[in-house]
Amino acid sequence: MNIREKSVFSKVLEKELALITLENESLSITLSNYGAMITSIIVKPQNIDVLLGCNTIDEYVNQDKYFGATIGRYANRIGNASFKLNNKIYNISPNESPNHLHGGNKGFDKKVWNYKIIDDSVIFSYFSEDMEEGYPGNLNTKVKYTLNDSNELLVEFYAKSDEDTIVNLTNHSYFNLNGENSNSVKNHIVRINSDFITEIDEKNIPTGNLTNILNTNFDFKEERSIEDALNLSETIIAKDYDHNYVLLDNKEVNASIFSPLTNIKLELSTSYPCIQFYTGSFLNNFKGKTRNYNNFSSICMEPQFAPNSINIPEFKQPILKKEEEYYEFIKYKFSI
Ligand code: GAL
């Protein structure tokens, strides 16, 4: 494992930013302190980049798709951009009016993070002030990326606040294991260890009900290609996937993606209770690294507390108590 660092100038931000590459025999993974994001994952034997994204740092600064970024303070949506904590109502930025999405107008994906390199890890840190985007508490956040020689990329999320608050940090990588330059992920074989998705209303806000997905086209409990899943049943018609799966907690690996074309497999393990499975319906022909991205150009698997969970007491709660340590992780293991 070795780590290289270089700086790039953002004309838009008028700032030097860092690109840091973690490399072992098979993988070369580049990160940036802009958004504490992953910009590329190159699988060296096949020489393909399996991550969607942009070509220049300013293209990242100018986009709103959250490519590879750390999402915070709260991943996904909070209904009506408000929540109650300790009997007080907080109104947060309604950046997807009337709802709140991915941390607000300028979420953690749009922040320049500090960083340090320690041994085989890069640790990004960001201080979010009390009431930033409407959230209570001064919050110290850290995201630590570690690559090992077994092709595991471990992403660890740490946070601490001086007041009770809510936190739901994740990573928003878009994967295409055929290669970023390839059109569709419908041949990918997916497994998600789940029996239920959270039911959503027309604005994608969980209602609090769970939907049993067994034998519907959301069912990935056994490995199946996206193509096969879409043809599976007509009880629920999925045009695309943008749904939150509640994880069963009896498996070490919670989800996986495999491309029979390249033989690359990605296994995901996490401490979070849910995974947002999203195939990119908001990409809208985005001009990416080598091609235009659309629905089914990629797969995002974003571990997290359920969207809107702070407003649904039956769901696992994303509450971080004053001075307590927040710790969650995502482990991506590549088999090549
Ligand atoms: C996903 C979310 C989608 C969309 C996307 C960003 O995490 O589930 O609904 O908001 O991020 O474009």
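**Pockets and cavities**

A: The lining of the largest cavity has two nonpolar, six polar and two charged residues. This is a predicted model, where local features need pLDDT of at least 70, side-chain atom pairs count only at pLDDT 80 or more, and totals for chains, interfaces and linings use all residues. Residues are numbered from 1 along each chain as its sequence is written, and side-chain values use heavy atoms, with hydrogens and water left out.

Q: What is a cavity, and what counts as lining?
A: On a 1 Å grid over the protein atoms alone, a cavity is a set of points where a 1.4 Å probe fits but cannot get out, a pocket is an open set with protein on both sides within 12 Å along at least five of seven lines, and lining residues have an atom within 4 Å of a point.

Q: Which residues line the largest cavity?
A: Among them are Asn76, Arg77, Asp242, His243 and Asn244.

Q: What volume does the largest cavity have?
A: About 50 Å³, where a volume is the space filled by probe spheres set on the points, and grid points are joined across faces, edges and corners.

Q: And the pockets, how much space lies in the largest pocket?
A: About 460 Å³. Its lining has 23 residues, and Asp64, Lys65, Tyr66, Leu101 and His102 lie nearest the centre.

Q: How much space lies in the second largest pocket?
A: About 310 Å³. The lining of this pocket has 17 residues, with Leu247, Tyr272, Pro273, Cys274 and Lys316 closest to its centre.

Q: What classes are in the lining of the second largest pocket?
A: There are 10 nonpolar, four polar and three charged residues. Ala, Val, Leu, Ile, Met, Phe, Trp, Tyr, Cys and Pro count as nonpolar, Asp, Glu, Lys and Arg as charged, and the others, Gly among them, as polar.
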